[in-house]
Amino acid sequence: MELTGKKMVVTGATGFIGRHVVRILLDQGSEVYVLVRETSPHRELLPVDEHLHVMTGSLTEAVSCLEPVGSADGFLHFAWGGVNREEIDSPAVQAANVEASLVCLEAARRLKCQIFMDAGSRVEYGIQPDGIMEESRECHPVNEYGKAKLAFYKRARELCGQWKMTYYHLRFFSVYGQGDHPWSIISTLVRELPKEKTVSLSACRHRWNFMEISDAARAVVELYRFSHGWDGECHVINVASTDTRELRSFVEEIYGLCERKGHLEYGTFVQAKEGALSICPAVEKLQELTQGTWVEKMTFAQGIGRMLDNKNT
């Protein structure tokens with residue numbers, strides 16, 4: 001499917017994943033409509049492009065704010081509040097996210113969108129004893145963020161089924177790159193090691209998976225490009241790398257790329273609520289839904305090198 005002239009609505013367009021997806025859509029000729037709060041401190045991150053149309057409003061106002069669009073081909077919903085450490089386990093904050101997302105889904109219906117895609121998360125899987133996270137597995141999320149993402153998926157699956165709208169629930173794994181949260185393990189290592197500082201870490205013996213942001217954004221667009229082959233269907237899709245290995249291996253690779261400056265202090269970091277769980281995502285679905293064409297372009301070393309280069313410019 002060609003994207004030239006396609007009308008695409010995007011929420012969360014100033015966020016980490018959203019703004020990279022918007023750039024690709026524009027580069028491929030789409031007319032992109034983004035819903036952004038008037039008070040958003042990140043509006044300046046939006047690219048200046050004649051094919052980018054900024055619609056001002058909150059998620060709860062999505063139906064009325066997007067009405068002037070008339071109709072659209074696809075709705076990409078990446079906005080979600082309360083992803084910081086203070087609010088990620090707040091039932092009230094996460095319940096509000098679900099309700100706002102349902103308003104966006106209704107807006108997509110009224111715009112007669114052929115497909116609705118949203119950003120799920122690996123944390124929906126929760127505790128999987130063997131670490132293998134395959135889309136068909138039963139989910140047991142631990143924190144309120146994961147529970148809310150799963151709750152929205154279940155409701156959206158039901159509604160999209162009634163409306164005959166194609167629905168892709170994208171479960172992103174650990175996406176990294178320029179613009180990532182400053183508290184992420186990769187952002188911390190890339191920032192602190194060149195300054196010869198000590199970084200506190202877990203034992204890092206569990207398995208992990210990282211995908212560079214440009215590949216993650218391309219995966220979203222590629223899934224949309226091939227979605228015409230799956231009209232009216234609902235799919236959960238892991239958006240993850242083929243590179244799964246022990247977390248310590250990733251850490252040591254970054255350490256080497258930082259010329260072994262600084263110090264790695266293993267076993268001193270207090271784990272998050274779910275603990276040191278291995279994540280081993282199945283990625284066959286991403287291949288299947290792109291008809292076997294999907295391939296990553298960025299190795300882990302290249303992605304870290306790009307972050308280090310950007311930090312030094």
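This is a predicted model: local features need pLDDT of at least 70, side-chain atom pairs count only at pLDDT 80 or more; totals for chains, interfaces and linings use all residues.

User: What makes a run of residues a helix or a strand?

Analyst: Both are DSSP runs: a helix is H or I over at least four residues, a strand is E over at least two, and the numbering goes from the N terminus.

User: How do you know that β1 and β2 are paired?

Analyst: Two strands pair if DSSP finds at least two bridges between them. Strand β1 (residues 7-11) and strand β2 (residues 31-36) are joined by five bridges, so they count as paired. They run parallel. One of the bridges has Met-8 with Val-32 of β2 as its partner.

User: Which order do the strands of the sheet follow, and why do β3 and β11 stand at the edges?

Analyst: The open sheet has seven strands with parallel pairing, in the order β3-β2-β1-β4-β5-β7-β11. β3 (52-56) and β11 (234-239) each have a single partner strand, so one side of each has no neighbour in the sheet. From one strand to the next the twist averages 20°.

User: How many bridges hold β7 to the strands beside it?

Analyst: β5 and β7 are joined by seven bridges and run parallel; in this pair Gly-120 stands opposite Arg-171 of β7. β7 and β11 are joined by six bridges and also run parallel, and there His-169 has Val-236 of β11 as its bridge partner.

User: What makes β7 "mostly covered"?

Analyst: Buried means under 20% relative accessible area, exposed means over 50%, and partly exposed lies in between (1.4 Å probe, protein chains only). Seven of the seven residues of β7 are buried. In a regular strand the side chains alternate between the two faces of the sheet. In β7, Thr-166, Tyr-168, Leu-170 and Phe-172 are buried on one side, and Tyr-167, His-169 and Arg-171 are buried on the other.

User: Why is Leu-76 called buried, and what does it touch?

Analyst: Leu-76, in strand β4, has 1% relative accessibility, which is under 20%, so it counts as buried. Contact means heavy atoms within 4.5 Å. Leaving out residues up to four places away in sequence, Leu-76 touches Met-8, Val-9, Val-10, Thr-11, Val-21, Leu-25, Met-117 and Val-220.

User: Why is Lys-164 called exposed?

Analyst: Its relative accessibility is 67%, which is over 50%, so Lys-164 counts as exposed. Lys-164 is in the loop between α4 (144-163) and β7. Its phi is near 60°, a positive value in a residue other than glycine.

User: Is Arg-260 buried or exposed?

Analyst: Arg-260 has a relative accessible area of 52%, which is over 50%, so it is exposed. Arg-260 lies in the loop between α7 (247-257) and β13 (263-265), and has a positive phi of about 55° although it is not a glycine.

User: Why are α3 and α4 called roughly parallel?

Analyst: α3 and α4 pack at about 20°, with their axes 9 Å apart. This is under 35 degrees, so α3 is roughly parallel to α4.

User: Which classes of residue make the contact of α3 with α4?

Analyst: The contact has 11 nonpolar, two polar and four charged residues. Ala, Val, Leu, Ile, Met, Phe, Trp, Tyr, Cys and Pro count as nonpolar, Asp, Glu, Lys and Arg as charged, and the others, Gly among them, as polar.

Key
Residues are numbered from 1 along each chain as its sequence is written. Side-chain values use heavy atoms; hydrogens and water are left out. Axes are lines fitted to C-alpha atoms, for helices over the stretch in contact, and angles run from 0 to 180 degrees between N-to-C directions. Angles under 35 degrees count as roughly parallel, over 145 as roughly antiparallel, 65 to 115 as roughly perpendicular and the rest as oblique.
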